[in-house]
Amino acid sequence: MNEQLAFTIEVFANGLMAGVLYALVALGFVLIYKASGIFNYAQGVMALFAAMTLVGIQNGQVPFAHLINAIFGTEVHHFGWHVHSFIAILFTVVVMIGLAWAVQKFVFKHLVGQEPIILFMATIGLAYFLEGVADLMWGSELKALNVCAADGVCLPQGMNVWLEGTTYEALGYGFFIDNLDIVASIVAAILVIGLVMFAQYTKQGRAMRAVADDHQAALSVGVSLNFIWVLVWSLAGFVALVAGIMWGAKSGVQFSLSLIALKALPVLMLGGFTSIPGAIVGGLIIGVGEKLFEFLIGAPFLGGATENWFAYMLALLFLVFRPQGLFGEKIIERV
Amino acid sequence: MFYREAGDFSTTYAEDQQTFPIKFDRYRYYVVLFIAIVVVPFVINDYWANSLLLPFLIYAIAAIGLNILVGYCGQVSLGTGGFMAVGAYACYKFMTGIDIWWGGELLFRLPEFNIFFSVIMGGVMTAIVGVLFGLPSLRIKGFYLAVATLAAQFFLVWLFNRVAWFYNYSASGQINAPERDILGVLITGPSTEPWATYLFCLFFTIVCAVIARNMTRGASGRKWMAIRDMDIAAEIIGVNPLRAKLTAFAVSSFFVGISGALFFSVYLGAVEVGEAFGIQKSFLVLFMIIIGGLGSIFGSFAGAAFLVLLPVALKVVGVDWLGWPTDIVAHLNLVIVGGLIVIFLIAEPHGIAQLWRVAKEKLRLWPFPH
């Protein structure tokens with residue numbers, strides 16, 4: 001097999017895997033946007049917050065240790081125990097639900113009926129707030145995230161030797177694909193199926209869709225808007241936790257994790273803000289597109305690092321021709 | 001009582017329409033200008049100039065620019081950092097003489113511009129770039145547009161990082177402001193006097209504020225506000241959305257570019273584009289106008305002052321008085337700024353400017369409110 005072609009296919013496959021991770025973040029956006037019309041810029045920071053909380057609980061860190069030490073002059077850092085990953089994840093989910101409740105009660109309850117752009121700016125403020133709180137709570141240094149089901153059974157790292165061996169024998173060229181990316185793709189698939197099932201077959205899911213369709217009509221048939229919004233923010237928090245675990249295991253838990261929100265934005269613009277399939281397809285297109293562009297055009301001709309802006313330019317060009325994105329609802333404006 | 005209107009009669013239309021119709025208000029404004037122009041340069045020192053006054057003046061220009069776009073025309077932009085970078089790099093190129101190369105040969109070279117005109121050219125170039133990136137606003141609006149302007153932010157920063165022509169092929173990839181003077185007084189470079197840089201920035205700030213104030217209450221400002229309030233209705237009463245939106249982008253970018261040029265040449269002196277003009281800068285300026293007040297020139301000043309003062313004040317209180325580590329204070333700063341954004345959006349969407357307006361109204365009637 002042609003070396004160049006095989007390499008292109010490998011870049012393509014890696015792009016698909018990266019796209020899955022983008023889609024994972026974008027899913028959280030879509031959930032909140034569909035149910036409340038809020039474009040949640042804080043989704044990336046929520047992923048960071050969730051990952052930091054998970055690591056903090058796992059390692060038995062004392063929350064706000066630095067602040068307490070600074071104010072009271074004490075020297076507390078750790079409780080001295082280690083929590084099993086599974087229990088830590090449960091606790092983190094509880095924290096994320098608490099966060100969802102607080103966000104709904106203290107922020108968005110007071111902003112009902114405001115223009116979307118005001119809500120968007122409020123989520124930018126929320127992102128800053130949450131980032132500050134997360135850093136105060138758990139410290140801002142780089143932390144390693146290890147999620148293990150039992151001793152030795154952890155999230156896999158490194159390249160997949162089996163895949164490389166098999167493809168080398170079959171095609172004469174070893175594919176390099178990260179184990180973690182494969183796991184992330186499987187988890188993302190399960191998550192999407194789970195979310196769709198939840199929306200289709202449960203009472204709460206139906207209520208959620210009703211709210212998404214029309215707030216007032218949903219209210220008039222007895223759906224509690226407050227409850228649904230807390231539910232949706234909790235779900236988004238859960239998705240953020242999953243994304244945080246995957247990204248955190250890949251590159252460590254640190255501030256740059258919150259920037260994945262910026263990677264998810266063009267994915268959404270491309271796929272349309274209101275569509276779960278759109279988030280996935282958009283994520284795959286962006287993931288593959290930016291890897292291929294970097295490989296074929298960016299690195300040889302433009303000096304590299306085009307991944308920062310390619311997704312945005314692609315989305316921008318696309319929007320000029322189809323403002324609602326690939327799968328978005330077309331909003332018809334009449335005078 | 002504090003705002004006497006007694007005996008303050010307007011007898012012409014011009015008097016009725018001036019910016020400060022109350023005489024007392026007007027004189028206070030003159031006093032502020034007098035202090036800023038005549039008194040401050042004599043008492044200013046390096047610390048005050050570099051940590052408070054210069055950033056305040058420069059951010060105020062950027063906030064006015066963004067406020068025209070977001071507050072008056074309703075087009076949210078997150079590309080401010082990128083546009084400031086355009087201003088900075090254009091200013092740098094004009095300062096050092098623009099050179100055009102083709103096939104390894106120097107085709108021609110512009111003479112070096114005076115720093116004053118370099119800054120203005122920085123604004124002009126940014127206006128052109130701003131219009132280019134404003135073009136999608138005709139098709140998309142709301143936060144689709146906000147996200148689209150992020151394209152400008154990332155693309156421009158990447159461009160200035162990668163294309164060596166912009167930083168004159170320097171080894172570090174940074175741009176450094178060479179020493180430039182006006183009538184023999186150094187404005188840029190390492191050995192400037194604080195009063196000179198201060199007056200230079202103050203001049204631009206005052207001119208920009210006066211221009212912006214008069215544009216926003218004139219015909220173009222009304223068109224922008226019509227577009228902001230309801231674009232379809234505006235179109236029906238005869239506002240051309242294309243012209244209105246693109247002029248808003250052009251004027252806004254012009255101011256933002258001037259602020260970027262000053263930020264680089266006068267304030268920092270040496271700039272690495274990703275650090276100085278990253279996305280954080282876009283958000284910072286956006287926060288200034290949210291806290292200060294959308295759609296208000298005074299609000300731009302108030303917001304800039306607030307967000308420049310806040311970290312300094314926190315540092316004085318937290319680090320110097322209480323002896324906390326600096327990183328905790330930095331995180332507290334994030335919490336406070338984020339919290340304030342949310343609180344202002346909920347409680348007072350028109351920001352500090354509105355608080356000031358209410359206070360003025362109360363003071364006008366005090367002590368007999370009825």
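Colleague: Is Phe94(B) buried or exposed?

Modeller: This is a predicted model. Phe94(B) has 8% relative accessibility and counts as buried, because the cut-off for buried is under 20%. Phe113(B), at 25%, is partly exposed.

Colleague: How are the rings of Phe94(B) and Phe113(B) placed?

Modeller: Planes under 30 degrees apart count as stacked, over 60 as edge-to-face and the rest as tilted. Here the centres are 5.0 Å apart and the planes are at 55°, so the pair is tilted. Phe94(B) sits in helix α4 of chain B and Phe113(B) in the loop between β2 and α5 of that chain, so the pair ties together parts 19 residues apart in sequence.

Colleague: What area do chain A and chain B bury between them?

Modeller: About 4300 Å², with 81% of it on carbon and sulfur atoms. Met121(A), Tyr128(A) and Trp309(A) supply 16% of the area that chain A buries against chain B, more than any other three residues.

Colleague: How many salt bridges does the rule find across the interface?

Modeller: It finds 0 between chain A and chain B. The count of residue pairs in polar contact is 1. On the side of chain A that touches chain B, α5(A) gives the most, with 16 residues. That side divides into 37 nonpolar, 11 polar and 4 charged residues.

Methods:
Residues numbered from 1 in each chain as written. Chains lettered and ligands numbered in written order. Predicted model: local features only at pLDDT ≥ 70, side-chain atom pairs only at ≥ 80, totals over all residues. Heavy atoms only, no water. Buried area = accessible area lost by both parts, 1.4 Å probe. Salt bridge = Lys/Arg side-chain N within 4 Å of Asp/Glu carboxyl O. Polar contact = N/O pair within 3.5 Å; in protein donor to acceptor, adjacent residues only side chain to side chain. Helix = DSSP H or I, 4+ residues; strand = E, 2+ residues; numbered from the N terminus. Nonpolar A, V, L, I, M, F, W, Y, C, P; charged D, E, K, R; others polar. Phe/Tyr/Trp six-rings, centres within 6.5 Å; stacked < 30°, edge-to-face > 60°. Buried < 20%, exposed > 50% of the residue type's maximum accessible area, 1.4 Å probe, protein only.
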